[in-house]
Amino acid sequence: MRLVMLTILTLIMSGCSTLNDLSDFDDPEVELLYIKPTGTRGLDAVFAVGLRVTNPNAIALGIDGLAYDVFLRDTKILSGVSNQRIEIGAFDEGTAEVELTVSMLSSLGVLRDFINNPPDAAVPYRLDAKLAIDGLPVSVRTRHEGAIDLRAGP
């Protein structure tokens with residue numbers, strides 16, 4: 001009986017330790033590096049999207065997957081998911097390139113906007129991301145805003 005009580009007490013103590021670690025947890029940041037067309041598949045356009053993930057924590061993070069939405073000029077143009085595992089060390093950053101396809105038919109409005117109002121410089125964007133982090137019971141949501149030159153490559 002003592003062994004059972006000792007085991008339960010140890011589990012409770014380790015659970016409290018994990019919760020204390022989470023109280024100092026800062027959400028990682030996800031930044032859009034580039035969007036570049038890589039080809040077509042039928043009526044779909046294929047893009048490579050470069051992402052930078054920054055870990056502002058004192059512990060390494062294993063990201064098991066992510067979902068993201070990219071908005072250009074406040075219009076959602078890309079959505080994607082990736083199950084590519086990313087390992088980010090403590091106070092470090094890493095990059096990932098994910099591929100996604102976009103229906104050309106559903107993108108005609110955005111294309112028309114870019115033809116009528118071509119970007120002369122960088123285009124404002126917003127990236128909303130949801131990350132599944134190994135060891136956390138819930139996903140982490142993050143948002144990054146900036147500007148990107150769609151004419152530039154990685």
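The model is predicted, so local features need pLDDT of at least 70 and side-chain atom pairs count only at pLDDT 80 or more, while totals for chains, interfaces and linings use all residues. Residues are numbered from 1 along each chain as its sequence is written, and side-chain values use heavy atoms, with hydrogens and water left out. The protein chain holds 2 helices and 8 strands, where helices (H or I, at least four residues) and strands (E, at least two) are DSSP runs numbered from the N terminus.

**Confidence**

- The mean pLDDT (the predictor's confidence in each residue, from 0 to 100) of the protein chain is 80, and 79% of its residues reach 70 or more.

**Overall layout**

- From the N terminus on, the order of elements is α-β-β-β-β-β-β-α-β-β.
- Of contacts between residues at least 6 apart in sequence, 65% join residues at least 24 apart.
- Of the 154 residues in the protein chain, 32% are buried; buried means under 20% relative accessible area, exposed over 50%, and partly exposed in between (1.4 Å probe, protein chains only).

**Strand pairing**

- Strands count as paired if DSSP finds at least two bridges between them.
- Strand 3 and strand 4 run antiparallel and are joined by 7 bridges, with A67 opposite V81 in strand 4.
- These two strands form a hairpin with 2 residues between them, and R73 in the turn has a positive phi of about 50°.
- Strand 3 also pairs with strand 7 in the antiparallel sense, over 9 bridges; here D69 stands opposite D128 in strand 7.
- Strand 7 pairs in the antiparallel sense with strand 8 over 9 bridges, and the bridge partner of V123 in strand 8 is I148.
- The hairpin of strand 7 and strand 8 has 6 residues between the strands, and G135 in its turn has a positive phi of about 95°.
- Strand 7 is mostly covered, with 8 of its 11 residues buried.

**Core and side chains**

- A nonpolar core is a set of buried Ala, Val, Leu, Ile, Met, Phe, Trp, Tyr and Cys residues joined through side-chain atoms within 4.5 Å.
- The largest such core has 32 residues, of which L32, L51, Y68, L78 and L131 touch the most other members.
- Elements giving two or more residues to this core are strand 1 (29-41), strand 2, strand 3, strand 4 (75-82), strand 5, strand 6 (92-103), strand 7 (123-133) and strand 8 (140-148).
- Leaving aside neighbours within four places in sequence, L32 is in contact with V49, G50, L51, V70, Y125, L127 and I148.
- The charged end of R126 sits over the ring of F71, 3.8 Å from its centre; the criterion is NZ of Lys or CZ of Arg within 6 Å of the ring centre and within 35 degrees of the ring normal.

**Two loop residues**

- N57 is found in the loop between strand 2 (44-55) and strand 3 (61-72), and is buried, with a relative accessible area of 4%.
- Not counting residues up to four places away in sequence, N57 touches D24, F25, D26, A90 and F91.
- F91 lies in the loop between strand 5 and strand 6, and is exposed, with a relative accessible area of 60%.
- F91 is not a glycine, although its phi is positive, at about 50°.

Notes: Contact means heavy atoms within 4.5 Å.
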